[in-house]
Amino acid sequence: DNPLTHEVEYFQVILPAADNLLWLGSTTGLYLLDLKTAKVTVYSATSRQNSLSGNVINDLYLDENNLLWVATSTGGINLIDLAAGTISIISDKQQL
């Protein structure tokens with residue numbers, strides 16, 4: 001079952017990445033699409049640790065250190081360390 005076919009209202013930002021990967025920011029979360037295999041990985045705001053702080057994704061930036069910066073509408077900025085698989089939340093609590 002492909003989450004891209006029924007969960008997404010629309011995409012707000014699309015960011016191509018290396019190795020045929022495509023980051024898709026939407027109104028329902030962040031998706032990583034592997035264009036070779038059509039596998040979709042979903043990142044969303046949940047009550048679990050290591051999740052996004054908000055589901056409405058406004059912008060994406062992948063820096064030279066393989067850190068994905070994710071700007072959300074209501075949850076501040078999330079920083080995903082792609083090598084470690086961790087998500088850090090930067091918000092006004094950190095005096096952003």
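Predicted model: local features only at pLDDT ≥ 70, side-chain atom pairs only at ≥ 80, totals over all residues.
Let me begin with β7 and β8, which pair in the antiparallel sense over five bridges, where two strands count as paired if DSSP finds at least two bridges between them, and where strands are DSSP runs (E, at least two residues) numbered from the N terminus. Residues are numbered from 1 along each chain as its sequence is written, and side-chain values use heavy atoms, with hydrogens and water left out.

Within that pairing, L79 stands opposite S88 in β8, and the two strands form a hairpin with four residues between them, where G85 in the turn has a positive phi of about 75°. On the other flank, β6 (residues 67-72) and β7 (residues 77-81) also pair in the antiparallel sense, over five bridges, with I80 of β7 as the bridge partner of L68 and N78 of β7 as the bridge partner of V70. Here too there is a hairpin with four residues between the strands, and G76 in its turn has a positive phi of about 80°.

Putting these together, we have an open sheet of four strands in the order β5-β6-β7-β8, with antiparallel pairing. Because β5 (57-62) and β8 (86-90) stand at the edges, each with a single partner strand, one side of each is left without a neighbour in the sheet. The twist averages 20° from one strand to the next, taking axes as lines fitted to C-alpha atoms and angles from 0 to 180 degrees between N-to-C directions.

What lines the largest pocket, and which of those residues are the closest to its centre? The pocket holds about 190 Å³ of space, and of its 15 lining residues the closest to the centre are L21, W23, L32, N66 and L82. The elements giving two or more residues to the lining are β2 (21-26) and β7. By a pocket I mean, on a 1 Å grid over the protein atoms alone with a 1.4 Å probe, an open set of points with protein on both sides within 12 Å along at least five of seven lines, and lining residues have an atom within 4 Å of a point. The lining divides into ten nonpolar, three polar and two charged residues.

Finally, a search of the whole structure finds two aromatic pairs, meaning rings whose centres lie within 6.5 Å, with planes under 30 degrees apart counted as stacked, over 60 as edge-to-face and the rest as tilted. F11 and Y31 are edge-to-face, at 6.5 Å centre to centre and 90° between the planes, and they link strand β1 (residues 11-17) to strand β3 (residues 30-34), 20 residues apart. F11 is partly exposed at 34% relative accessible area, whereas Y31 is buried at 0%, with buried meaning under 20%, exposed over 50% and partly exposed in between (1.4 Å probe, protein chains only).

The rings of W23 and Y43 have their centres 5.6 Å apart and their planes at 45°, so this pair is tilted. W23 lies in strand β2 and Y43 in strand β4 (residues 40-43), 20 residues apart; W23 is buried, at 2%, and Y43 is partly exposed, at 21%.

Key:
Points joined across faces, edges and corners; volume = space filled by probe spheres on them. Nonpolar A, V, L, I, M, F, W, Y, C, P; charged D, E, K, R; others polar. Phe/Tyr/Trp six-rings, centres within 6.5 Å; stacked < 30°, edge-to-face > 60°.
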